[in-house]
Amino acid sequence: MSKPSDPVVAVETFLWSSPRAEAYLGPPGPRDRVDPRGYVVRAGNRTIYPLDDRSLLVRVTTRSGLVGWGETYGLVAAGATAELIRELAAPGVIGRCPHEAETLWEELYDLMRVRGYVGGFWLDALAAIDIALWDLRGKMTSLALHQLLGGARRREVPTYASGLPRSTLDERVALARDLAAKGAKGVKFAGVVSPDAIEVEARALREALGPNVGLMVDLHWMFDRGSASALAQRLEPLGLAFIEAPCATEDIEGWAWVGRQTSIPVAGGEEWRTVHDAAPRLRAGSVSIVQPEMGHTGVTQFVRIARLAEAWHLPVIPHATIGSGVFLTASLQVSTSLANVTGHEHQHSVQEGRGTLWRGACEHDGAAFRIGEGPGLGLEPTEALLATLVPI
Ligand code: MG
């Protein structure tokens, strides 16, 4: 290993948070509750969210003063991820060259794998650092992230609108209509918060949107294989583009079984951290559409998952979630460089009404994101963003 000319000298973590007008996935229903720590616990949903938006940001600085930004999930117990970065990851990165990003990911992964840390907070910590190192690689070479990965195949990434956070079916249908009118090529609703039966909502949305707007449903890991396939068969006449996460994430065979029972493609992958999560699921035929989440994978594993999907001739439609914009930008930059990315999720409720947090962020016109041109991620934090960050 040669001595790096511009080694990492500091790794810092910050909590970003921002109030929301209404809870993610919509107002809590009568069977839902808000726990004493402010997390919305929804009946039937196999995950929780806070009432505000949050993420964990990482700032990596080199000796020459170059700064790379990374981000991961900070929705729950962000202090756990921050502590893992401070105690275990940062000492492995300080003194090393950002161009070693992939090697560093593997070295850090090796520190904890036999202790069972092959997912969760530890892999989120690695994702944040990995994104920051790739950002630095771009800044050190004056190349955009997509150029480091072989070049952009397209400048725009088409999107579908995700989520209809309204209380009643009429309000949800009206929002879907509005999103389609603004250009959304597809609309995905969350079955776990459907005020009526999932097929009732799907039928109402199909009637409102007409045949030319994509319609999808996220099932949030809710069903056993029999219930999921029966539901999928009832939805078939409505021409859904995909059903997402039909069964528990551990039920690899169940997902594959559902896929064999229905003509609707099965999509999934937002909870995967590594190519080792993807491999057995692709081998089993669990998914027809792969949805990696940059905030969990970092650039290094996102690319490995997408290229494995390419080898299986599967399209990739990356996941998008709550964040300040760093992992979203990384996801979009990488998406432009990959052959099999056909679209991207757009979390309209996270971004709308919020001023610009990052200069150079990808612009969205209702139908697609257009990527920027700057080196690395091409992002610079605004003063307004920096003023809200809390060291953690
Ligand atoms: Mg989902």
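## A tour from Arg113 to the magnesium site

Select Arg113 first: with a relative accessibility of 37%, this residue counts as partly exposed, where buried means under 20% relative accessible area, exposed means over 50%, and partly exposed lies in between (1.4 Å probe, protein chains only). The model is predicted, so local features need pLDDT of at least 70 and side-chain atom pairs count only at pLDDT 80 or more, whereas totals for chains, interfaces and linings use all residues. Residues are numbered from 1 along each chain as its sequence is written, and side-chain values use heavy atoms, with hydrogens and water left out.

**Stop 1: salt bridges**

The side chains of Asp110 and Arg113 form a salt bridge at 2.5 Å, N to O; the term denotes a side-chain nitrogen of Lys or Arg within 4 Å of a carboxyl oxygen of Asp or Glu. In general, side chains of opposite charge can pair when their charged atoms come close.

How many salt bridges does this rule give? The count comes to 21. One of the pairs is Glu12 with Arg59, whose side chains meet at 3.0 Å, N to O. Glu12 belongs to strand E1 and Arg59 to strand E5, so this pair ties together parts that are 47 residues apart in sequence. Strands here (E, at least two residues) and helices (H or I, at least four) are DSSP runs, numbered from the N terminus. Glu12 is partly exposed, with a relative accessible area of 30%, and Arg59 is partly exposed at 23%.

Next, select Asp52 and Arg54, which meet in a salt bridge of 2.8 Å, N to O. Asp52 is partly exposed at 22% relative accessible area, whereas Arg54 is buried at 18%. Then show Arg96, Glu100 and Glu107 together: these residues are linked in a network of salt bridges.

**Stop 2: the two domains**

Colour residues 8–142 as domain 1 and 148–381 as domain 2; these bounds come from an automatic or database domain assignment. The C-alpha centres of domain 1 and domain 2 lie 21 Å apart. In the interface, 46 residues of domain 1 are in contact with 47 residues of domain 2, contact being heavy atoms within 4.5 Å. The area buried between the domains is about 3700 Å², of which carbon and sulfur atoms give 59%; buried area is the accessible area (1.4 Å probe) that two parts lose on being put together, summed over both.

Which residues form a charged pair with Arg273 and Asp124 selected? The side chains of Arg273 and Asp124 meet in a salt bridge at 3.2 Å, N to O. Across the interface of domain 1 and domain 2, the rule finds four salt bridges. It also finds 15 residue pairs in polar contact there, both residues at pLDDT 80 or more. A polar contact is a pair of N or O atoms within 3.5 Å; within protein, one must be able to donate a hydrogen and the other to accept it, and residues adjacent in sequence count only if both atoms are side-chain atoms.

To see the side of domain 1 that touches domain 2, select the elements that give two or more residues to it: strand E1 (8–18), strand E5 (53–62), strand E6 (67–73), helix H2 (101–112) and helix H3 (120–141). The largest share of that side, 12 residues, comes from H3.

**Stop 3: the magnesium ion**

Centre the view on the magnesium ion. Which residues coordinate the magnesium ion? They are Asp218 (OD), Glu244 (OE) and Glu270 (OE), at 2.0 to 2.1 Å. Donors are N, O and S atoms within 2.8 Å of the metal (3.2 Å for Na, K and Ca), and water is not among the atoms, so sites may look incomplete. The spacing of the donor residues in sequence is D-x25-E-x25-E. Glu244 lies in strand E10 (residues 242–244) and Glu270 in the loop between strand E11 (266–268) and helix H9 (275–284), so the pair ties together parts that are 26 residues apart in sequence. Glu244 is buried at 1% relative accessibility, and Glu270 is buried at 11%.

**Stop 4: two residues with positive phi**

His220 sits in the loop between strand E9 (214–218) and helix H7 (225–235). Its phi is near 50°, a positive value in a residue other than glycine, and His220 is buried, with a relative accessible area of 5%. Ala245 is found in the loop between E10 and helix H8 (252–261). Phi of Ala245 is likewise near 50°, positive in a residue other than glycine, and Ala245 is buried at 3% relative accessible area.
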